[in-house]
Amino acid sequence: MSSVILNTLRRHCFQQLRARVLQQQPLLFTGGLRGSLATLAQKTHQPRDDFSMLDAAHNPDQFGTLSPRVDEPETPDEGDLAEEEFLQNKPLPGQKLSVRQYADMIKDHLKNNRIREAIDVLEVRMKQDRVKPVNYHFNLLIGGCARVGYSKKAFQLYNKMKQHGLKVTGGTYTSLFNACAISPFLGDGLKRANHLREVMLEKGYEPNESNYNAMIKAYGRCGELKTAFQLVDEMVARKMSIGTDTFNFLLQACISDKEYGFRHALLVWHRMHRMKIQPDRYSFNLLLRCVRDCQLGDLETTELVIEQILSGSVPHKTQIPAIENQTFSETTDERAGEESTSPQVVCNVGNELSNQFTQEGAPDLLSYKPHLGSLVKLGEVRKPEDRLLLLGGSSNVFAEMKRYGVEPDIRTVTEMLDVIPPTYAAEKLLLSTIKQLKLRCDIDFFNILIKKRSMRFDYEGAKDVLYMIEAANLEPDIVTYGVLALGCQTQDEARSLLKMMHDADVRMNIQILGAMLRQGCARNNFRYVTEVLDIVRRERLKPNEPFLRHLEEFGRVCEKRDREYEAKPRKRGREEFKMEYNRYRMHLDAWREHMGLQGLALDQALGIVRDHPWEQFKERQADGFEAVKNPKQRHKRKKQHSIRRVDVDAIDDGGDGERKVTDGAAPDVRLVH
């Protein structure tokens, strides 16, 4: 455009100069000049295309262009079209919404778990409307991505926020650390948390209490316990208030350490006692989760930790520092005192404290004044029920909650169900406690009860829980059928469960079929396994990682058994096994080919069937989903009912903890009218 204007100006100046020369010709110039002017005029009126670019460049009488002429392309540039459309199609003033309206749109999508649509409000809708977003919009989206663990997108939005020149607030940092904590990739989450913490230090930003809690949560869940406890030390050094929430995040950090977590949890719990901080319901639930998932670690250090806990309530002179004089980071040193304190000193201290604290009954390391009770040997503590016994058992946990004025909820008793001894007596006691506390149970509690009985091979007792579900006026869900599938030992039982699901209009999934496959493989039932494979193929289900691992393990067992039969040709059952095994292998090869897994190793097959956890957030929600009209229905809790109609006395138990069966029949759980 600028070259055309310049050429026009030059041509106009040249014409004015030529006119002046022609007017002064009779007075100043001779005839030779007339000829040159005529020639010049002829060249001037000559068409532009007759000049070559070289002549135009060296001819002083010809005004050229600054750049050579280029023919217009036949296909227009996409960028030019987009720019032209942007300039011409300006949105009307009525199309633009207010900041609050865009924020409400984002909130509505996030409440209905439409992550892709919420992000499009910022990246598509506001861009089309030519509305500049504010940090409130970015904070909403970063928080929404953080709640579902979409850490990659959360940090991308954070970078865009900085590019727009918007102020990064404390809430932004809190959401980003939450994204690191909930990220499905712990290594990536820890890396991002470290980088974000460095950015905060470079900018000189001083974290507030919410930032510290989010950082403790992130580092704790990513397995960096030492850093998590060091952050609490920073809070103490800065004289910031440390509340129950901070200790709850520390208990979450303890859960991430499966080997030493229970030991750390005991220290954190008694540190709460020393700081006069009362635990809440969530604290007790997390402690029960530590009891279920975490071990004590090495015995020598665990004994030292228990002595530290006991020494905090009774004054005595030992070489072990008192727990209230320790920093939080010292409480998580996995080898604390192993090098500085000899085993002989630990043994002497243990004997001294055992003499002072040995009492009749179960130990109690939960209360403000702990004791070891009649505990004989710490090395026998291996199972969750053993670790629960160190806390005084389920009755002591409920009593401690009552002392602090904390009311247990259904999640508390569900966590308790996971750690009580696997006996009918313990389950009966827990159900009686639920009735006394007048708690309303949900279907999740009974699902855990079915699973607990199935895992100890009490399949008839697992089926009896269905009567409890009916008595509690609840309905089975998809998880109920999944845990019932753990007890389907034969094809007939599997078919009966599938018929029950069909009658209830519940569609099967690969998890339920995987539980059936596990039973078929455990019992070396080729026909059972083959039927499960046929169902997966007929229902067009995608196998998951546990499903393929069961098949791989079953294949190794069958190959080993086949080699044993080859070594002993006259062994009984050889011909029957060979016939069934060959038929199964042919069927398995056809199934693998249909699934696109033929000839692939296990790692390659797992790479195909694995779903990336973030793919669901990159796709828009499918058509046909109607938004919830009633806002109250969005946060509807699980259906809960009282179990007062469940006859606990109908649950029989023997002296050895096994279930009594009268006349070969399983006793039913009666309904109380």
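Tutor: Begin with burial: at 1% relative accessibility, L365 counts as buried, where buried means under 20% relative accessible area, exposed over 50% and partly exposed in between, with a 1.4 Å probe and protein chains only. This is a predicted model, in which local features need pLDDT of at least 70 and side-chain atom pairs count only at pLDDT 80 or more, while totals for chains, interfaces and linings use all residues. Residues are numbered from 1 along each chain as its sequence is written, and side-chain values use heavy atoms, with hydrogens and water left out.

Student: Where is L365 found, and which residues is L365 in contact with?

Tutor: L365 lies in the loop between helix 19 (343-357) and helix 20 (384-390); helices are DSSP runs of H or I with at least four residues, strands are runs of E with at least two, and both are numbered from the N terminus. Contact means heavy atoms within 4.5 Å. Apart from neighbours within four places in sequence, L365 is in contact with L266, H270, I306, L310, P370, H371, L372, L390 and L391. The C-alpha atoms of L365 and L266 are separated by 7.7 Å, although the two residues are 99 apart along the chain.

Student: How are two packed helices described?

Tutor: Two packed helices are described by the angle between their axes and the distance between the axes. Axes are lines fitted to C-alpha atoms, for helices over the stretch in contact, and angles run from 0 to 180 degrees between N-to-C directions. The axes of helix 15 (residues 261-274) and helix 17 (residues 299-311) come within 10 Å and cross at roughly 10°. Helix 15 and helix 17 are therefore roughly parallel to each other, given that angles under 35 degrees count as roughly parallel, over 145 as roughly antiparallel, 65 to 115 as roughly perpendicular and the rest as oblique. On helix 15 the contact is made by R263, L266, L267, H270 and R274, and on helix 17 by T301, T302, V305, Q308 and I309.

Student: At what angle do the axes of helix 6 and helix 8 cross?

Tutor: They cross at roughly 5°, and the axes of helix 6 (residues 99-111) and helix 8 come within 10 Å. Helix 6 and helix 8 are therefore roughly parallel to each other. V99, Y102, A103, I106, K107 and L110 of helix 6 meet Y136, H137, L140, L141, G144 and R147 of helix 8.

Student: What caps the N-terminal end of helix 12, and what follows helix 12?

Tutor: The cap is N208, with a side-chain oxygen 3.2 Å from the backbone nitrogen of S210. Helix 12 is followed by G223, whose phi is positive, near 90°.

Student: Which residues of helix 9 are buried, and what do they pack against?

Tutor: S151, K153, A154, F155, L157, Y158 and M161 are buried in helix 9. They pack against helix 7 (115-128), helix 8 (135-147), helix 10 (170-182) and helix 11 (186-203). Just after helix 9, G165 takes a positive phi of about 75°.

Student: Which residue other than glycine has a positive phi near 65°?

Tutor: That is F457, in the loop between helix 24 (443-455) and helix 25 (459-471). At 63% relative accessibility, F457 counts as exposed. N473 also has a positive phi, of about 60°, although it is not a glycine. N473 is in the loop between helix 25 and helix 26 (478-484) and, at 47% relative accessibility, counts as partly exposed.

Student: Is N544 buried or exposed?

Tutor: N544 counts as buried, at 18% relative accessibility. N544 sits in the loop between helix 29 (526-538) and helix 30 (545-567). A polar atom of the N544 side chain lies 3.1 Å from the backbone nitrogen of F547.

Definitions and conventions
A polar contact is a pair of N or O atoms within 3.5 Å; within protein, one must be able to donate a hydrogen and the other to accept it, and residues adjacent in sequence count only if both atoms are side-chain atoms.
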